[in-house]
Amino acid sequence: MKITIVGTGYVGLVTGTCFAEIGHDVLCVDNDERKIAALRKLQMPIYEDGLEDMVRRNVEAGRLHFTSSIREGTLFAEVIFIAVGTPPGYHGEPNLSYVEQVGREVAAHMDGYRLLVEKSTVPVNTGEQLKRTVTKYLRADVDFDVASNPEFLREGTAIHDAFKPDRIVIGVESERAAKLLREIYEPIIRDSGCEFLTMNIASAELTKHASNSFLATKISFINAVARVCELAGADVEQVAHGMGLDRRIGRSFLRAGVGYGGSCFPKDVDAFVYLADQIGYDFTLLKEVQKINRGQREHILRRIQHELWVVNDKVIAILGLAFKPGTDDIRESPALFFVPHLLKDGARLKLWDPVAAAKFRELHPEPEYLDDILDCARDAELLLILTDWPQIAEIPLDKLRDVMKCPVIIDGRNVLDPATARNAGFTYSSVGRP
Ligand code: UGA
């Protein structure tokens, strides 16, 4: 089937490529001509495991194409996915101007029936607004439908998630739209055996908000438990394990740490609080979730300040700049909180990350960036772990201790084993563990 995807950001590019991989003929549109030119040369705008190979394979097979023309995109296919950015506005409300713009531009070029599918994470009732916009800007007398199809991909495992989803959710208003979307997803449903849920548009939009906010709530819950564990001399890992074996609770998203980041949870929780407020509900539970998340970073910063007594002129090594392993995405990453604070306090920073260093350096050129963990830790008076990259767990601790000026580790992701670190001669502290 022919499919157009508007927006070649993270969601658009991964979704489009996966659709091509299952045999559809996909045209990806982006108004950023440089990005399109780069993609045509098979240069990826993001790092995602397995993506580059899959793009190459499908471009070579003639199933994946790129253009900067929205007109071409509109005329290409009956089904048009909108996967443009929805950056946060001043009060946490998402900025929908890109979605609106696509609606206007597509409407102006439609020459027959089109199904416009919102793939970006948008507030409830965006479907309604999109419909109004398209109706207003239509030039031809043609039918169209609007649908919602939220994505649940995780960065770093997006391709796996796309082919093995827990569920596919669509929000539709017509049989025709439901049938088209079912046809698109049929190969994935067949292979993965996942549920295909059809509901109304507002419910689909809310399913996405509620899912991300619930996962963020789980993380903040376990981080709050970790704080209690620290005060009570308990071990949050053991508590989380004991809780997680209850199938009603589940083991996942109970890893205590320096708090959640990324382009989704912080923005989506903000947006859910804002939109609930707009329609008359004060979502105080989620406000606490946000507060606990901020509190984790502040708590660890205080611990660094306490440990060093005077931060000024101290050498601090930071391992991990990406918001999580497996990605070069630094949006809302914990490092973006710690680096400016510690620089302001006069620390001399040495930073390491296997893939996100270049992006981070564009924002913070001042610190020293090292490719090797031991070089990064050399002469440091404190080592701070902010991303659970597997390489960190493999550092030879005796060598690490020898290169550091003072063997002090603050582990914001509970990557190392406390007893092993202490036996190796470190002053070691982590999150919620004695
Ligand atoms: C998240 C959701 O997991 C996806 O289902 C969703 O599609 C996506 O947002 C989105 O809305 O686009 P993602 O942001 O890629 O995916 O990352 P996650 O793996 O969910 O991790 C988010 C943050 O939570 C990371 O900073 C991670 O370190 C943190 N986290 C996760 C914890 O602190 N503890 C945990 O137990 C799990």
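The model is predicted, so local features need pLDDT of at least 70 and side-chain atom pairs pLDDT 80 or more, while totals for chains, interfaces and linings use all residues. Residues are numbered from 1 along each chain as its sequence is written, and side-chain values use heavy atoms, leaving out hydrogens and water.

**Stop 1: Ser 211.** Select Ser 211 in helix α9, residues 201-232. Helices are DSSP runs (H or I, at least four residues), numbered from the N terminus. Ser 211 counts as buried because its relative accessibility is 17%; the cut-off is under 20% relative accessible area, with a 1.4 Å probe and protein chains only. Now show the backbone oxygen of Thr 207: the Ser 211 side chain reaches it at 2.7 Å.

**Stop 2: the ligand.** Select the ligand. It is surrounded by 19 residues, the closest being Glu 151, Leu 153, Glu 155, Lys 208 and Asn 212. The cut-off here is a heavy atom within 4 Å. Go to Phe 152 next: a backbone N or O atom lies 2.9 Å from a ligand oxygen atom. For Glu 155, a backbone N or O atom lies 2.7 Å from a ligand oxygen atom.

**Stop 3: the cores.** Select Ile 304, Ile 316, Ile 318, Phe 338, Leu 342 and Leu 400. These have the most contacts inside the largest nonpolar core, of 63 residues. Such a core is a set of buried Ala, Val, Leu, Ile, Met, Phe, Trp, Tyr and Cys residues joined through side-chain atoms within 4.5 Å. Apart from it lies another core of 45 residues, including Cys 18 and Ile 188.

Conventions
Helices (H or I, at least four residues) and strands (E, at least two) are DSSP runs, numbered from the N terminus. Buried means under 20% relative accessible area, exposed over 50%, partly exposed in between (1.4 Å probe, protein chains only). A polar contact is a pair of N or O atoms within 3.5 Å; within protein, one must be able to donate a hydrogen and the other to accept it, and residues adjacent in sequence count only if both atoms are side-chain atoms.
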